[in-house]
Amino acid sequence: MDCIYLGQKFGKPLGYDDWLLVRELVDYVVDHCDDPDLSIWEVRGRKRHFTYSKVSVLLFYWLLLTISIHISTKVMLWVAIDRGLRLAEKRSLPCPNRYRWLAKRDALYEQIMDKAWNKEMKVFGQSYEDVDVLDSAVLIMPLVFFLHASDPRFMSTLKQILKTPEKGGLTTNNLVYRYDVAKTNDGVGGEEGTFCLFQKTALALVVMVRCIEALTRAGEVDKSLLPKAVNMFEDFLLYLNHVGLCTEEISDAGEALGNAVQGFTHVTLISAAYNLSRTLRK
């Protein structure tokens, strides 16, 4: 939905027939946003109300209608409804269920802020059921305008993620794990690397890049955060191969793991580089 919205904003205007498909998609989201899911990480354990899923929907329309795999999460669900409302307003498009969408979007926002927030730890948890478990997927929040990166709740979460695992965080040598597999049962077992996008045994590269962008956006208000963003970005570039490409994850020893080439990581890297450069020039 966010891609459809951005395409409408910067590209070719949405046709009426396409708008009917968008309406059907948002109606589907509204009907199912209270369902538990398996998160962006496609865990093999029980379905839960994952925070990331509630904010955004990343599945293609045909996937939503043809198979019953719930890998979207709360924040992304909010994005889908929000972008549908924005499209309707921007183009004055007919929207029979406008007030139903609006009520569900606002209710979902309040729900996330209430059920995903850990008052003691002062962090957004991985899911409504596991608010004591950190998940770097929540770094998506300011990137999709769910809240600003300078919001005290997000800043508190970001600062905790940036701590080392020994101190309850998810960051090692400027690389970020998806989550701590020792604290949550994902049904997969074993350890993991750090994600170029997001992960804990292999380090997820995508997660690291989103962390950089979150720091950059927070740095628009608190300039002291920008050196950390620059440092992480420059460290990230060291993991590119001889032709400037990267994989999905990185092991603790610095070895490339997972899918190669990882397109999601590169798109996120371009976005982080653009926004970091723009912010530094201000």
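A helix here is a DSSP run of at least four residues of type H or I, numbered from the N terminus. I need that for the entries below. I also note that this model is predicted.

**Entry 1: glycine 219**

I looked up glycine 219 and found it in helix H8. Is glycine 219 buried or exposed? Its relative accessible area is 0%. Buried means under 20%, so glycine 219 is buried. I then listed its contacts, leaving aside neighbours within four places in sequence, and got Leu225 and Leu226. I also checked the distance from glycine 219 to leucine 276. The two are 57 residues apart in sequence, but their C-alpha atoms are 9.3 Å apart in space.

**Entry 2: H8 against H9**

Next I took the pair of helices H8, residues 205-219, and H9, residues 226-237. Their axes are 8 Å apart, and the helices pack at an angle of about 155°. Angles over 145 degrees count as roughly antiparallel, so H8 is roughly antiparallel to H9. The crossing of the two is left-handed. From H8, the contact takes in Leu205, Met208, Val209, Cys211, Ile212, Leu215, Thr216 and Gly219. From H9, the contact takes in Leu226, Lys228, Ala229, Met232, Phe233, Asp235 and Phe236. I sorted the residues of this contact by class and got 11 nonpolar, 2 polar and 2 charged.

**Entry 3: H8 against H10**

H8 has another partner to check, helix H10, residues 263-281. What is the angle at which the axes of H8 and H10 cross? They cross at roughly 20° and come within 9 Å. An angle under 35 degrees counts as roughly parallel, so H8 is roughly parallel to H10. H8 passes H10 in a left-handed crossing. On the H8 side I wrote down Leu205, Val206, Val209, Arg210, Ile212, Glu213, Thr216 and Arg217. On the H10 side I wrote down Phe264, Thr265, Thr268, Leu269, Ser271, Ala272, Asn275, Leu276 and Thr279. By class, this contact has 8 nonpolar, 6 polar and 3 charged residues.

**Entry 4: glutamate 213**

Glutamate 213 lies in helix H8. Its relative accessible area is 1%, which means that glutamate 213 is buried. Which side chain does the side chain of glutamate 213 make a polar contact with? The partner is asparagine 275, at 2.5 Å. Not counting residues up to four places away in sequence, glutamate 213 touches Leu143, Thr268, Ser271, Ala272 and Asn275.

I moved on to helix H1, residues 2-10, and its packing on H5. The angle is about 25°, and the axes are 9 Å apart. That makes H1 roughly parallel to H5. The crossing of H1 and H5 is left-handed. In H1, the residues that meet H5 are Asp2, Ile4, Tyr5, Gln8 and Lys9. In H5, they are Val79, Arg83, Arg86, Leu87, Lys90 and Arg91. The classes come to 4 nonpolar, 1 polar and 6 charged.

Aspartate 82 is also in helix H5, which covers residues 74-91. Aspartate 82 counts as buried because its relative accessibility is 4%. Its side chain is joined to the side chain of arginine 105 by a polar contact of 3.0 Å.

**Entry 5: glutamine 160**

I found glutamine 160 in helix H7, residues 152-161. With a relative accessible area of 14%, glutamine 160 is buried. Glutamine 160 and valine 123 are 37 residues apart in sequence and 7.5 Å apart in space, C-alpha to C-alpha. Leaving aside neighbours within four places, I list Val123, Leu134, Lys167, Gly168, Gly169 and Leu170 as contacts of glutamine 160.

**Entry 6: positive phi**

Most residues other than glycine have a negative phi. I looked up two residues against that. Lysine 122 is not a glycine, yet its phi is positive, about 60°. Lysine 122 sits in the loop between strand E1 (117-118) and strand E2 (123-124). Its relative accessible area is 48%, so lysine 122 is partly exposed. Asparagine 174 is not a glycine either, and its phi is positive at about 70°. Asparagine 174 lies in the loop between strand E3 (171-172) and strand E4 (175-176). Asparagine 174 counts as buried, at 8% relative accessibility.

Notes: Residues numbered from 1 in each chain as written. Predicted model: local features only at pLDDT ≥ 70, side-chain atom pairs only at ≥ 80, totals over all residues. Heavy atoms only, no water. Axes fitted to C-alpha atoms, helices over the stretch in contact; angles between N-to-C directions. Parallel < 35°, antiparallel > 145°, perpendicular 65-115°, else oblique. Left-handed = near helix turned anticlockwise from the far one by under 90°. Contact = heavy atoms within 4.5 Å. Nonpolar A, V, L, I, M, F, W, Y, C, P; charged D, E, K, R; others polar. Buried < 20%, exposed > 50% of the residue type's maximum accessible area, 1.4 Å probe, protein only. Polar contact = N/O pair within 3.5 Å; in protein donor to acceptor, adjacent residues only side chain to side chain.
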